[in-house]
Structure formats: structure tokens, C-alpha cells
Amino acid sequence: MSFLSKCSTETVQSAAVALKAGHLVAFPTETVYGLGADAESAEAVARIYETKGRPNDHPLIVHIGSMDGISDWAGDIPEYAITLARDFWPGPLTLVVNRGERAKDFITGGQNTVGLRVPAHNIALGLIQEFIKAGGKGIAAPSANRFGAVSPTNAQAVEDELAQYLKVEDIILDGGPSLVGVESTIVDCTKETPFILRPGAVTAEMIEESTGLIALAPEQTEIRVSGSLDSHYSPKAKVVLDAIAEPGDGLIAPDQIPTPDGVIRLASPRTIEGYARDLYAALRSADTQGIDVVVVLQPGGDGLAAAIRDRLKRSAYE
Ligand code: TXA
Ligand code: MG
């Protein structure tokens with residue numbers, strides 16, 4: 001595996017060529033790092049599942065370079081999905097739409113829908129553009145972590161977690177820390193109105209404002225996404241929500257909360273955006289420091305705070 005920092009145009013080009021040749025390329029996005037493969041290659045996609053240790057009936061998001069890529073992967077899609085793509089792409093929004101012929105069962109987990117996203121990150125977009133120049137159509141990429149674990153928000157976390165499963169020709173592109181820090185909002189666009197399958201930085205309110213339609217929330221849907229399994233986003237440490245931290249415990253809490261004596265402070269975010277950006281790295285650092293229990297004081301409020309609580313609920317689930 002090559003770990004490539006300070007990615008130049010040539011670096012990104014060589015990574016696109018590696019992808020086209022069937023190798024894996026982990027790359028930065030604004031949400032979390034993705035583990036990419038050629039979305040048209042069954043063999044390359046099979047390696048994503050092996051590397052993650054993920055059950056292979058779980059669908060993957062196809063990353064495309066712009067709205068033009070929708071027709072490569074989707075069948076019929078409603079007007080409001082186009083509106084959402086126009087308003088929020090590139091950005092932390094995945095649209096689940098009826099699949100076209102190119103979206104095979106190995107991408108969709110056998111479902112008749114496909115998840116599409118245009119990430120807002122220069123390196124990700126450069127990689128997709130170079131991949132398209134090399135004859136590709138889209139990059140399948142789940143978060144670059146082992147199944148059930150915390151998503152990586154920097155390249156070092158990808159290396160720490162996946163290096164032993166990657167092969168010599170595979171590549172990790174280092175693009176610095178992810179600016180959003182939690183995974184994209186996933187919206188099911190196969191019904192008359194948008195259904196939010198996974199909350200994220202594009203909030204229900206933003207979706208309603210953009211489309212003029214009511215956006216239903218996760219509890220109201222039954223479609224299963226892997227991030228919706230009860231236990232997910234979990235570090236090795238036990239995550240305990242809204243409790244009092246004891247000496248030796250880790251603590252993640254808003255910055256105005258003081259650190260009790262003997263407690264190891266892992267993050268002190270000042271804003272909700274800062275909370276989302278720092279959360280996963282803080283959970284990971286609990287494991288590198290060998291901390292057994294992490295107490296997390298959850299943020300209140302809607303929007304991104306709700307997305308953070310959604311992930312925390314699953315991190316804490318046993
Ligand atoms: O922010 C993100 O979305 C990151 C970056 C790398 O783009 N990707 C990501 O991928 O979080 P992953 O595979 O870790 O989570 C994607 C979720 C999975 O829970 C999957 O089940 C769901 O999206 N998903 C993908 N395609 C779907 C589909 N056709 N129908 C329903 N859920 C789908
Ligand atoms: Mg994931």
C-alpha cells in the first residue's frame with residue numbers, strides 16, 4: 001500500500017489509474033474518508049467487502065463527479081431529487097434513487113435502488129474526474145473503516161485500521177482532516193416525498209426548504225441501511241452517554257463543561273460543527289490511549305446535533 005500526502009495532480013492521476021486497474025484507493029471527502037473501488041468492477045468491489053469485513057448484501061454509495069453522472073447510474077427519478085442534487089451537490093448528501101442498468105447487484109446489495117453522491121472535496125473530485133478520463137463512471141466507496149467501527153476522519157486513521165488488509169498496489173490519499181466529520185445525509189428519493197434514511201449535515205429543514213416537501217425522519221422508515229444496525233460507529237472502549245465521568249475515564253463534552261480530576265479529556269468542541277468534526281477522532285484516540293470507558297455528553301438541538309446523537313446512540317449500543 002502507498003500512503004500519499006500533499007497530493008499533486010500527478011498523484012491523483014496515478015490513483016485514478018490504479019482504481020481503473022481494479023485496486024483500492026482510500027480518499028478524503030468532506031464527511032469521512034472513503035474506501036474506493038471501480039463501481040463497474042465486481043472484483044474490485046468484492047475487495048471493498050473483504051477489506052472492511054462487511055457483509056456483502058450491504059449497498060454501497062457510488063461517488064460521481066457532478067449531476068451529469070446521475071443518468072449513468074439512475075433510472076427514473078423524481079423532480080425533487082434533481083432539486084436536491086442542484087442545491088446540495090457537491091456536498092454531504094447521498095440520494096437513493098431507482099437504479100439504472102449500470103448499477104449491478106454487487107453495488108446495490110440486490111436492491112432496485114442506488115445511492116449517489118458528489119463529494120465536496122478537491123481531492124475526491126479530482127480523483128473522480130481523472131477516473132472518468134480513464135474511462136470509469138463512478139467510484140463505489142463506503143467509509144474506510146472495518147465493519148461496525150468508527151469512520152476515519154483523517155488518513156492516518158485509515159492506515160491504522162486498514163493497512164494490514166490492503167495490498168501493495170492499493171493507495172491511501174492523505175487530504176487532511178475531514179471538515180464535516182459525520183457521514184452524509186442519506187435521502188430515499190423513490191417515494192413521493194423525501195425520506196431521510198440517515199441524518200447528517202444536510203438537515204430535514206434544509207431538505208424541506210429546498211424541495212417544498214415534508215422530509216420524514218429515520219424512525220419513520222423501515223429500509224435498513226448498515227449504519228442503522230443497532231451497534232455501529234463503535235470504538236473498542238465502552239461509550240457511555242450523559243453520565244458522570246470517573247477517574248481514568250475519557251470525556252467528550254462541550255468546552256464549557258469542566259474536566260473532573262483524573263478524567264482524560266478527549267475533545268472540548270465549542271460549536272455543533274466542531275463537535276461533529278472532532279467526535280470520531282476523539283473516539284479513536286480513546287482506543288490508542290487504551291482507555292476503557294468514554295463518557296460523552298451529547299449536544300442538544302436539531303439538525304447536525306441530531307445526526308451526532310444518532311451516531312452516538314449506536315456507538316453506545318451493546
Ligand atoms: O459520507 C458518506 O456517505 C461516506 C463518504 C465516504 O462518502 N460514505 C459512507 O458509506 O458513509 P457507508 O457505506 O459507510 O454508508 C453508506 C450507507 C450504508 O449504510 C448503506 O447501507 C446505505 O448508505 N446505502 C447505500 N446505498 C443504499 C441504497 N440503495 N438503499 C439504501 N441504503 C443505501
Ligand atoms: Mg460506514
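A hairpin of 6 residues connects strand β2 to strand β3; helices (H or I, at least four residues) and strands (E, at least two) are DSSP runs, numbered from the N terminus. The model is predicted, so local features need pLDDT of at least 70 and side-chain atom pairs count only at pLDDT 80 or more, while totals for chains, interfaces and linings use all residues. Residues are numbered from 1 along each chain as its sequence is written, chains are lettered from A and ligands numbered from 1 in the order in which they are written, and side-chain values use heavy atoms, with hydrogens and water left out.

F27 has G34 in β3 as its bridge partner. Strand β3 also runs antiparallel to β7, joined by 2 bridges, and D38 stands opposite I139 of β7. Of the 5 residues of β3, 5 are buried, so this strand is largely enclosed by the rest of the structure. Buried means under 20% relative accessible area, exposed over 50%, and partly exposed in between, with a 1.4 Å probe and protein chains only.

These strands belong to an open sheet of 10 strands with mixed pairing, in the order β1-β8-β2-β3-β7-β4-β6-β5-β9-β10. At its edges stand β1 (2–4) and β10 (195–198), each with a single partner strand, so one side of each has no neighbour in the sheet. The pairing of β9 (residues 185–188) with β10 is antiparallel over 3 bridges, and I186 stands opposite R198 in β10. Helix α1 (residues 9–20) packs on the sheet and touches β1, β2, β3, β7 and β8, its direction making about 140 degrees with that of β8. Helix α2 (residues 42–52) also packs on the sheet, touching β3 and β7, and its direction makes about 155 degrees with that of β3. Contact means heavy atoms within 4.5 Å; axes are lines fitted to C-alpha atoms, for helices over the stretch in contact, and angles run from 0 to 180 degrees between N-to-C directions.

Next come the nonpolar cores. A nonpolar core is a set of buried Ala, Val, Leu, Ile, Met, Phe, Trp, Tyr and Cys residues joined through side-chain atoms within 4.5 Å. The largest has 44 residues, of which L84, W89, L95 and L116 touch the most other members. Elements giving two or more residues to this core include β3, α2, β5 (93–98) and β6 (113–117). Helix α4 gives the most, with 5 residues. Leaving aside neighbours within four places in sequence, the contacts of L95 include L84, W89, L116 and V187. Another core, of 25 residues, lies apart from the largest one, and Y233, I252, A286 and L304 are among its members.

The structure holds 1 aromatic pair; rings of Phe, Tyr and Trp (its six-membered ring) pair if their centres lie within 6.5 Å, and planes under 30 degrees apart count as stacked, over 60 as edge-to-face and the rest as tilted. The ring centres of Y233 and Y280 are 6.3 Å apart with planes at 10 degrees, so this pair is stacked. Y233 is in the loop between α8 (204–211) and β11 (238–241), and Y280 is in helix α9 (residues 272–288), 47 residues apart. Y233 is buried at a relative accessible area of 3%, and Y280 is buried at 0%.

Terms used: Two strands pair if DSSP finds at least two bridges between them.
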